[in-house]
Protein chains: 2
Amino acid sequence: MTGKQMKLGAFFMLPGHHVAAWRHPEAQADQVLNFEFIKQQALTAERGKFDMLFLADGVAAGATSSSFEQHASAYFEPFTLLSGLATVTKNIGLVGTVSTTFNEPFNVARKFASLDHLSNGRAGWNVVTSSGKEAAQNFGQQDELLHEKRYERAHEFVDVVTKLWDSWEDDAIVYNKESGQYADATKVHAINHEGEWLSVAGPLNIARPVQGHPVVVQAGSSDAGKELAARTAEVVFTAWQTIEEAQAFYSDVKGRMAKYGRNPDELKIMPGVYPIIGQTEKEAQEKRQQLLDLIPESVGVSRLSQQLGIDLSGYPVDGPLPELPDVSQINGNKSRFQLVKDLADRDGLSIRQLYQHIAGARGHREIIGTPEQIADQLQEWFENGAADGFNVMPPVFPEGLNDFVDYVIPELQKRGIFREEYTGTTLREHLELQRPISQFAKKAIAVES
Amino acid sequence: MTGKQMKLGAFFMLPGHHVAAWRHPEAQADQVLNFEFIKQQALTAERGKFDMLFLADGVAAGATSSSFEQHASAYFEPFTLLSGLATVTKNIGLVGTVSTTFNEPFNVARKFASLDHLSNGRAGWNVVTSSGKEAAQNFGQQDELLHEKRYERAHEFVDVVTKLWDSWEDDAIVYNKESGQYADATKVHAINHEGEWLSVAGPLNIARPVQGHPVVVQAGSSDAGKELAARTAEVVFTAWQTIEEAQAFYSDVKGRMAKYGRNPDELKIMPGVYPIIGQTEKEAQEKRQQLLDLIPESVGVSRLSQQLGIDLSGYPVDGPLPELPDVSQINGNKSRFQLVKDLADRDGLSIRQLYQHIAGARGHREIIGTPEQIADQLQEWFENGAADGFNVMPPVFPEGLNDFVDYVIPELQKRGIFREEYTGTTLREHLELQRPISQFAKKAIAVES
């Protein structure tokens with residue numbers, strides 16, 4: 001059990017990653033806003049020794065979409081839910097998505113520092129940018145920012161947040177009752193950041209996080225996203241269909257790190273996987289078909305339109321896609337656009353086949369079969385430079401997560417590529433990432449030496 | 001036990017409301033960021049049948065203050081802490097302070113709706129505005145907004161947040177697995193708010209809060225603050241030294257409600273009280289003196305300077321205050337300024353006596369004595385049109401809260417003016433406040449009739 005260990009995230013998206021999961025016979029009406037249910041699932045993930053659970057986020061209800069009525073779009077805000085889960089779990093990491101587009105860095109730095117203290121060092125921040133007109137209009141803007149501008153702001157935003165986390169050195173709180181000194185002011189630093197997008201004085205009003213920095217996670221796979229990841233991320237969530245594509249991405253991103261003075265081990269690349277598990281391959285295939293049959297046609301077409309940024313509602317659903325623009329003209333999620341385009345070009349799928357293909361996994365890799373077959377596929381990617389681990393996306397909760405924990409995890413453990421017990425207490429320790437020294441403490445050391 | 005019942009809030013400010021609480025022999029070094037400790041105190045407040053626990057907030061560390069080193073200024077962000085407490089408590093209301101000055105209403109509406117679902121209807125929002133240059137500079141601004149401008153924005157902000165809470169009608173989620181209809185789009189509403197300060201499209205991306213609206217709390221006592229309270233608040237926290245002042249405020253604010261179509265019972269006025277409890281009056285006085293002796297002089301002077309918005313560090317500490325400007329020239333907390341000015345004018349206190357006076361209670365009413373004496377004073381205000389209840393500010397945690405729950409609460413219960421058990425499950429039920437109908441549902445009813 002001393003070989004390299006796979007990292008695993010449990011991607012909590014209730015009632016499940018499949019677009020029609022809520023219609024599954026096992027799904028419950030109130031599941032999405034039922035904390036007790038979500039808590040039981042978090043404890044299940046912890047029983048499975050997952051490194052972390054992960055929450056995505058959005059800042060618009062999608063009410064202008066033609067399929068709004070057909071899917072769940074009312075859910076917990078990630079921060080309240082993660083804070084609630086922090087106090088009823090012990091070991092599992094808690095990663096939340098927070099946008100850099102419609103938030104203030106002081107508020108974001110503070111909330112993650114606070115979650116890190118609340119959970120004794122288990123917080124992680126999935127850094128995203130927000131696109132879409134509907135989101136922009138919830139925040140006083142007429143339309144979305146351009147893709148490049150969103151990433152410029154995101155780069156600067158991450159810098160400001162990490163400086164704020166560092167603004168209290170680890171030993172800034174003295175707590176000397178006798179002398180009356182609570183804090184050492186020489187170890188609490190203004191950051192005085194003045195940049196193109198942001199101006200923030202600091203210091204933060206909370207002690208340095210338990211982990212130094214909560215773990216920084218990134219999900220974009222565009223060129224700007226890859227550069228941001230190479231410079232600042234410690235975990236990357238990504239979506240690839242084939243091992244060749246995943247390997248190319250893996251070496252591309254890790255190759256960009258040296259110029260920022262970083263070692264490839266300081267970043268864990270974790271593609272999404274959407275497992276459909278059966279005791280036999282036939283049972284798994286039947287489960288897949290059961291879900292596909294639950295997708296209302298309007299939802300499928302709308303989901304595919306959204307992924308491409310092109311309205312497909314006028315085209316025959318069993319015909320091919322219309323001519324697509326080049327990816328350079330896309331202002332939304334460039335990597336997802338390219339992924340669908342490649343699928344259509346390579347396999348000649350119809351609109352229905354394409355939406356069925358993405359309806360569950362949303363462009364992530366579907367792996368279907370017995371626990372052994374699923375473990376084989378994960379192991380292959382893990383041992384061949386395509387992944388440091390995986391972000392697991394159960395099609396339907398609770399069944400999808402329960403089956404992964406009860407059947408697939410033991411198989412991975414048997415092969416010696418996944419932990420049997422937690423060996424550390426912080427998310428950073430689970431992921432084998434070092435605790436960063438405060439950049440202000442570093443400066444002090446530099447002056448002294 | 002069927003008479004009018006007093007409402008009680010437990011004002012959680014760790015390590016205690018006294019400025020030198022952290023130096024008290026009982027205080028622990030890590031108390032402020034120790035969730036287990038805070039959880040035990042929340043359970044104690046719940047055992048005492050408090051209506052709610054309440055968290056204040058600030059968005060600057062105060063590192064430019066000359067007394068920065070002498071007091072605790074690193075603490076949990078209220079939302080993460082309340083969400084953590086929501087899942088380990090059952091009955092007590094959870095009220096958090098969130099500023100309208102440096103936040104987006106979409107984010108604030110969402111977080112409180114989320115906390116309300118997480119806690120099954122126990123969330124409350126203490127609406128404040130943020131003053132001070134140091135706070136402004138953490139949010140890209142050079143200096144604070146003017147007092148009137150902050151309140152203009154606050155009025156509009158509260159309107160937008162309540163509209164967002166209403167944007168999903170109570171029965172908007174249909175969840176018909178058979179037909180594939182999850183939500184009824186005719187019951188989910190864009191708010192399309194376009195105002196002087198804010199522009200927000202909506203709808204929110206979470207179902208209507210359990211309470212309809214989380215309870216709206218207000219703490220300002222300036223003229224603008226009173227008007228905001230009369231129009232929108234359901235609870236007012238306030239600070240008065242004498243029953244006459246408290247009665248005048250009580251009838252003033254309740255008198256302003258009619259012009260907004262509101263009944264006086266729809267608003268609970270809860271002055272802060274700072275109780276020092278002894279088994280004898282002498283023991284209580286000794287406890288008071290013990291705390292006063294722990295105040296470093298620099299902290300006392302700095303605290304008083306801050307409350308007045310005037311630097312007093314050059315004046316003899318045992319001499320009088322310098323000439324003060326008129327309250328109309330103050331851009332900070334006008335009501336606190338006036339309170340100190342009145343104290344100095346009335347009783348001719350020195351700078352030291354003034355800072356000792358405000359060091360604990362910060363301008364709130366100190367009540368010192370045996371449990372019976374404290375209950376007498378609370379009962380007097382409660383039964384004579386000065387208060388609907390109180391926000392209790394323990395000098396030091398855990399002792400101050402434990403003693404209130406163990407000795408004062410039973411005395412109030414014996415007199416039949418405080419509940420023996422919770423009779424409802426939501427904060428709104430504890431406070432005897434009605435659940436509001438969605439303003440969009442109201443419109444639908446109006447059209448039909």
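H147(A) sits in helix α5 (residues 147-166) of chain A; helices here are DSSP runs (H or I, at least four residues), as are strands (E, at least two), numbered from the N terminus. This is a predicted model, with local features needing pLDDT of at least 70 and side-chain atom pairs pLDDT 80 or more, while totals for chains, interfaces and linings use all residues. Residues count from 1 along each chain as written, chains are lettered from A and ligands numbered from 1 in written order, and side-chain values use heavy atoms, leaving out hydrogens and water.

**Annotated site**
- An unreviewed UniProt entry lists a "binding site" that includes H147(A) and S222(A); such annotations may be inferred rather than shown by experiment.
- H147(A) has a relative accessible area of 6%, so it's buried (under 20%; exposed is over 50%, partly exposed in between; 1.4 Å probe, protein chains only).
- Leaving aside neighbours within four places in sequence, H147(A) contacts S222(A), A224(A), N331(A), G332(A) and K334(A) (heavy atoms within 4.5 Å).
- S222(A) lies in the loop between β9 (215-218) and α6 (223-232), and at 9% it's buried.

**Aromatics**
- Rings of Phe, Tyr and Trp (its six-membered ring) pair with centres within 6.5 Å; planes under 30 degrees apart are stacked, over 60 edge-to-face, the rest tilted.
- That gives 30 aromatic pairs over all chains.
- One of them is Y175(A) with Y182(A), edge-to-face at 5.3 Å centre to centre and 65° between planes; both residues are buried.
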